[in-house]
Amino acid sequence: MNASSKHDRNFDKPLRDAVMTCVPVQPVLSVKELAAIDATGVRANAGIVSRSPRREQRIARRQAEALRGKWEQQMDTTQEDEHEAAQGMLPTTSRVNRKRKLRDYAPEIPWHSASVPQAGLLDPFVISGYTSFSGPLIGMSLLTGNTWRYDAWEPYKTHAATSVNGWIIGMMGSGKSTCLKAFATRETVQPWNRKVIIEGDPKGEWATVAHAIGGQVVEIGNGSFLNPLDPGARPPTVTPETWGHEVMGIQERALRAIAEVLRPDVRLSAMERAVISALLHDYLDRGQTPTVTAMVAQLDTKWVETVSIRGLNADQARTAANSLILLYDPLIHGAVSGAFELESTINIDPTSPMIVFNTGSVTDNADKKAVYMAAMSSTVERLCAQKDGLFRVIIAEEGYEVLRNPVLVEAWDKRMRLSGDLGVSNWMLLHELGDLDKYAQEGSEQRNQIQSILTLSETQIIYTQSSSSLNLMQQLIPDLNPTEIDMIQSLPEHSGLWRVGHDIRDVIRPMMSAQAYDVFQTDKNRQG
């Protein structure tokens, strides 16, 4: 490749006046590597070749050998004729480099010249090449034509990023859900064998995916109860004391998250939290599993006046207990009852390839759905605390349902920071960043935690966004450059910009079979 101006080699001229000239040469890759590319579509040293059929590799290798022999024979036998024909017509190479098969005459394939703007060869997307990530096949790069493989832990293993967390964002109908389903289902297969948890499934679309791969769908109501205070079984490697503290923290966050739903904009007071802590300690000491019904019943007894709660006298404890009775009683006798107040009847299988919490079963009651999100978050926390050696990909399909509850934001942020210890990769699906102002005011603690969640997630998949969301995105992601902004605005349908760490950028279109597309797609009714 040679860059020169129109007047000999005047390099002082602006780059836009330069001309790119390229000469075809014999590839530096070996025949074996070329054959591997023909057979598998990836470089031989990428570690994928071993999984390709050997017969395909042998056939491709023979074809590559034959083509190279034919090419070299043609070059040798036509050298003189070609040299004469080229005189005065085509540029010649100034030096001979026989190691790379460069000749001092114009080859049969003519040189190609184009201006830099025409060629577009200095685009950072093009010169970045392609990653050496291992993992399930996700799709194809629209920039390089290479296949794109990705596993949630691969960027960390290859030092491309320091986080295993990610998020995906896109307007309705842009294809983000289809992409996420392709990624999630392929993570569950061997040799990766990740366990996927879907926090929230408002339309029942993930339930279809879970059934297709032998997963579990969790639905509440109609006699099915999910107790947000259920501690589960203590892992054999964890001491009772350590497990007790872990469980109490999860239970307290669950009660705080439910309180945020039932009594919006009014946080639990210090006295209320002290009474809750004493109550949970009492159940822990007795070795019993608390339920909301049992707790409210105990708060309505003389126990509150007789128990010693540091910092509270009997009257203060009774006042706080009465407030808590009024707060949580709707779960027992109100419109939110029938799902969370009794012992769990749903047995969660931690080894299931995919667990989907179907929030679509309670869409008729906004408060009940919000309480379900809180109970679900508590259950997921307990599963992660088991530290059973399984690696889990946790996806918040309804990202904004999590972000609207400050306690759930706190729990999500904590889980992200402990992802290495817990063996989890946390993913959030959002529609538009412009909607953030609806859930948390700028400058608030909740908004700061939301921004932390977004910026600490080092895999970012961006589908089509509105102009208002792009403006906010530039504020939240300082290294989002103008080229990427232009790319986002002109993304083809069902394609997204993948940003991994500081250096990797690519535009990927997921690939899937017709059968998988029928399971993944959600826009049937949008097509009329």
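Reader: What does the accessible surface of the protein come to, and how much of it belongs to carbon and sulfur atoms?
Author: About 26200 Å², with 50% from carbon and sulfur atoms (Shrake-Rupley method, 1.4 Å probe). Keep in mind that this is a predicted model, where local features need pLDDT of at least 70, side-chain atom pairs count only at pLDDT 80 or more, and totals for chains, interfaces and linings use all residues. Residues are numbered from 1 along each chain as its sequence is written, and side-chain values use heavy atoms, with hydrogens and water left out.

Reader: OK, what share of the residues is buried?
Author: Of the 528 residues, 49% are buried, meaning under 20% relative accessible area with a 1.4 Å probe and protein chains only.

Reader: How many helices and strands?
Author: There are 22 helices and 14 strands, taken as DSSP runs (helices H or I, at least four residues; strands E, at least two).

Reader: Switching topic: how many cavities of 30 Å³ or more turn up?
Author: Four, from a search of the whole structure. A cavity here is a set of points on a 1 Å grid over the protein atoms alone where a 1.4 Å probe fits but cannot get out, and lining residues have an atom within 4 Å of a point.

Reader: What lines the second largest cavity?
Author: That cavity holds about 50 Å³ of space, and its lining is L255, I276, V292, M295, V296, L299, L324 and Y328.

Reader: Which helix gives the largest share?
Author: Helix 11, with four residues. Helix 11 (292–299) and helix 13 (314–328) each supply at least two.

How values were computed: Buried < 20%, exposed > 50% of the residue type's maximum accessible area, 1.4 Å probe, protein only. 1 Å grid on protein atoms, 1.4 Å probe; cavity = no way out; pocket = protein on both sides within 12 Å on 5 of 7 lines; lining within 4 Å. Points joined across faces, edges and corners; volume = space filled by probe spheres on them.
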